[in-house]
Each structure stands twice: as C-alpha cells, then as structure tokens.
Amino acid sequence: MIRDFLRRVAALIKKEFITIWNDPKSRAIIVMMPLMQLFVFSNAVTMEVKNIDTVVLDRSQSVESRELLSRFENSSRFRKFYYVDNEKEFQEKLDTQKSQIGINIPNDFARGIKSKRGANVQIVSDGRQTNSAAIGSGYASQIINLYNAELTGNKSSGLDITVRNWFNPNLEYKWYILTIIVAMLSLVTTLILTSLSIARERELGTFDQLIVSPLSSFEILLGKSIPPLVIAMTLTMVMIGIVITFFHVPFVGSIVLFFISILISLLAIVGVGLYISSICNTQQQAILSVMTFMIPAVLLSGFISPVEDMPLCFQYLTYLDPVRFFMVLSRGIILKGMGIEDVIANIIPLLIIALITLTLASRTFKRKLG
C-alpha cells in the first residue's frame, strides 16, 4: 500500500520536474529571474527612515542626563523610548528589533560635565538595518552635538560620542539588502511555480487526465508541492553561496536552523500558491493573482518600512504574512546568529500559516474535483 502510494507520487513528481524544465517560461523563472534580480536589487534598492524607536540605559540618573534625553524626546525623528536598568535589557531591545537605536549614558556623565573634563555618550545602532542605523545614529549625534555646544560654547572639550553598529560594524548596506533579497526571491519562485502547476494542466488540457488517474487529491497536491519546494530550496542555497562568496557577507548563524527556516517558510508559501492555482483556469490568471498577493505581502513584511511604524490594524495583519517572519529569520540567522529560542518564536507563526494555507488549498482542490 505504502509502496504503491510512493510510486504514484514519485511518478507525478518526476512528471512535474520534466514539465517545469521543458517549459521555457518556467526555466526563466527558476534560473534567470532570481539571479538577475539578486545582482540588480543589491545595487538599486534603497530605503527611507521615518520613525526611530530608542532604548535608553541611563546610569547617571542626573539632571544633565535627563536634560540630554529630553532633547531626544522632543525630536520629531524619534518615536518610542524604552528605559531599561541593565545591559541585558538594553541588548534584548536591540536583538529583537524593538529598537533601532540605543543610548548608553555612563555613571560619571554628570561629574564629567560639572568638572569640565568631558563625558562620553555611547550610541548603539542595529547594523542589520543599515539605512536606519546610519541615519538614526546621525540624528542622535546631531542632538548630542547641539547639547554639547550649549554646554561648552562650541569649545572642543565636552561630550564625546561613541557610535557602535551591532551585527554589521561597517554598515555594509549590501549585507542587509542581500539577506532580504534571498528570502524574497526564494518565496517568489516557490509561489510562481506552485501557482502555475495546476493552472498549467488546465490550460494544456491535461487536467482531466490527472483527475482520472489512480492518484488521489492528496497525492496530486503532494506531487505538485515537492518539485517547487526542492527547486526553491536548491536555488536559495545557491544564492546564499553567491552572497557569501562574491559579496563577502558573513554567515554567522547555524546553517541547520537556516535550512529548517527555509523549509517551513516555503511550506507556507506552497499552500498559498496551490490555492491560487486551484482557483485559476489559465497561467495568466495565476500570474496576476500572484502579483495581487505579493505586493501587499512585501509591503506588510517590514521590507519597505518597519512594522512598528504601521497603523495598529496593519501590524496585526502582518501576523498572517509569511514573508515578514522569513525576513526576520533570514536576516537574524545570517548576520546575527539568531539563537534557537528566537528562531522558534518566528517559526511557530510560519507553521500556523502553513497549516492554514495547505488546508485551504486542499479543500479548494477537492471541491474543484467534485
């Protein structure tokens, strides 16, 4: 029984691989489009910073430190402020990307100002978001310099600013954009290939042959899912190799965790693609439906602007967006070496999305068969 099941699914998988490779459009989607976009987007895509969330560790707790922080609070450039009591909480806010900038004021801040010997203020930025890090630290330095000018009358002595960029010390913009592009292209490739699979059968007139075959609906969906999944995962690993080899982006995290994250993220997208394919009669309709899904999915993922800057209703809506979680995992594992707890926290929503989308696709396909 199991042997027959595996034989039927294997035959459909083989047929699907052959069909995809023999179709010139599918070959272009698999090979040319992702690699071309990888090189084009790495140089062409830019970002814009709107609001900056900040974590503050004020060890001085003095009039002088509160006066400096009031300058940040009254600035239109900064939005939320998280006041913490220790280094662990300070790091946690930056690690989890609840803050883009950190301000660390030492114990002797007030004494240094009063004694005229000067004081140091440390600015820590999240280097995983290079554009936000560079602009945010620039805004912070400008505020501190203006405060310093008021204290010293533009004399050279006064406040010293130390800027540290975590996870991407030199703020290499390509480190940020390439990790995002790899996630985006693998998801797009999976979505397009799966959305075209059943629609292609209908358009070519072979869907009726598939229905009368010994294959059950589950076996058909399984056979349609595995080839795009294998192709997308292979393509992702190839792109990661290119990013590491040619663009010299360091891979800090676990390759096993990254592989698992890819698999689960792509499963969520496979469900979306199969659902689109099951309701479309032509490949053109499938492509249009993919674009209809991908544009809001990308906008809600945090790729263009941080999720925290969106209206509250849209922030809740992003929990249904697999692109959001895969971007966090891709960037976090590659650049930061994200730990197992943070990975699981982002994998759980992806598993839920995968369960929902695959169930929806299966029910829709069965209804179409009926």
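In this predicted model, the axes of helix α9 (residues 217–246) and helix α10 (residues 255–279) come within 10 Å and cross at roughly 140°. Angles over 145 degrees count as roughly antiparallel, and α9 and α10 are therefore classed as oblique to each other. The protein has 370 residues, of which 53% count as buried, and its secondary structure comes to 14 helices and 5 strands. Among contacts with a separation of 6 or more, 79% are accounted for by residues 24 or more positions apart.

**Packing around helix α10**

- The crossing of α9 and α10 is right-handed, and on the α9 side the contact is made by Leu221, Lys224, Ser225, Leu229, Ala232, Met233, Thr236, Met237 and Ile240.
- On the α10 side of that contact stand Ile255, Phe258, Phe259, Ile262, Leu263, Leu266, Leu267, Val270 and Leu274.
- The axes of α10 and helix α13 (residues 322–336) also come within 10 Å, and they cross at roughly 170°, which makes α10 roughly antiparallel to α13.
- In this second pairing, Leu257, Phe258, Ser261, Ile262, Ser265, Ala268 and Ile269 of α10 meet Pro322, Phe326, Leu329, Ser330, Ile333 and Ile334 of α13.
- Phe258 and Ile262 of α10 are listed in the contact with α9, and Phe258 and Ile262 are also listed among the residues that meet α13.
- As background to such lists, an α-helix has 3.6 residues a turn, so residues three or four places apart point the same way.

- Leaving aside residues up to four places away in sequence, valine 323 touches Met184, Leu187, Ala297 and Ser301.
- Valine 323 and leucine 300 are 23 residues apart in sequence, and the distance between their C-alpha atoms is 8.3 Å.
- Isoleucine 180 lies in helix α7 (residues 173–204) and, at 1% relative accessibility, counts as buried.
- With residues up to four places away in sequence again left out, isoleucine 180 touches Phe303, Met327 and Arg331.
- The C-alpha atoms of isoleucine 180 and valine 328 are separated by 8.6 Å, although the two residues are 148 residues apart along the chain.

**Helix α4 and its ends**

- At the N-terminal end, α4 is capped by asparagine 86, a side-chain oxygen of which lies 3.2 Å from the backbone nitrogen of lysine 88.
- After α4 comes glutamine 97, whose phi is positive, near 65°.

**Cysteines and disulfides**

- A disulfide is a covalent bond between the sulfur atoms of two cysteines.
- A search of the whole structure for such pairs finds 0 disulfides.
- Cysteine 280 has a relative accessible area of 3% and is therefore classed as buried, whereas cysteine 313, at 53% relative accessibility, counts as exposed.
- The assignment of cysteine 313 follows from the cut-off, because a residue is called exposed when its relative accessible area is over 50%, and the value for cysteine 313 is 53%.

Conventions. Residues numbered from 1 in each chain as written. Predicted model: local features only at pLDDT ≥ 70, side-chain atom pairs only at ≥ 80, totals over all residues. Heavy atoms only, no water. Polar contact = N/O pair within 3.5 Å; in protein donor to acceptor, adjacent residues only side chain to side chain. Helix = DSSP H or I, 4+ residues; strand = E, 2+ residues; numbered from the N terminus. Disulfide = S-S within 2.5 Å. Buried < 20%, exposed > 50% of the residue type's maximum accessible area, 1.4 Å probe, protein only. Axes fitted to C-alpha atoms, helices over the stretch in contact; angles between N-to-C directions. Parallel < 35°, antiparallel > 145°, perpendicular 65-115°, else oblique. Left-handed = near helix turned anticlockwise from the far one by under 90°. Contact = heavy atoms within 4.5 Å.
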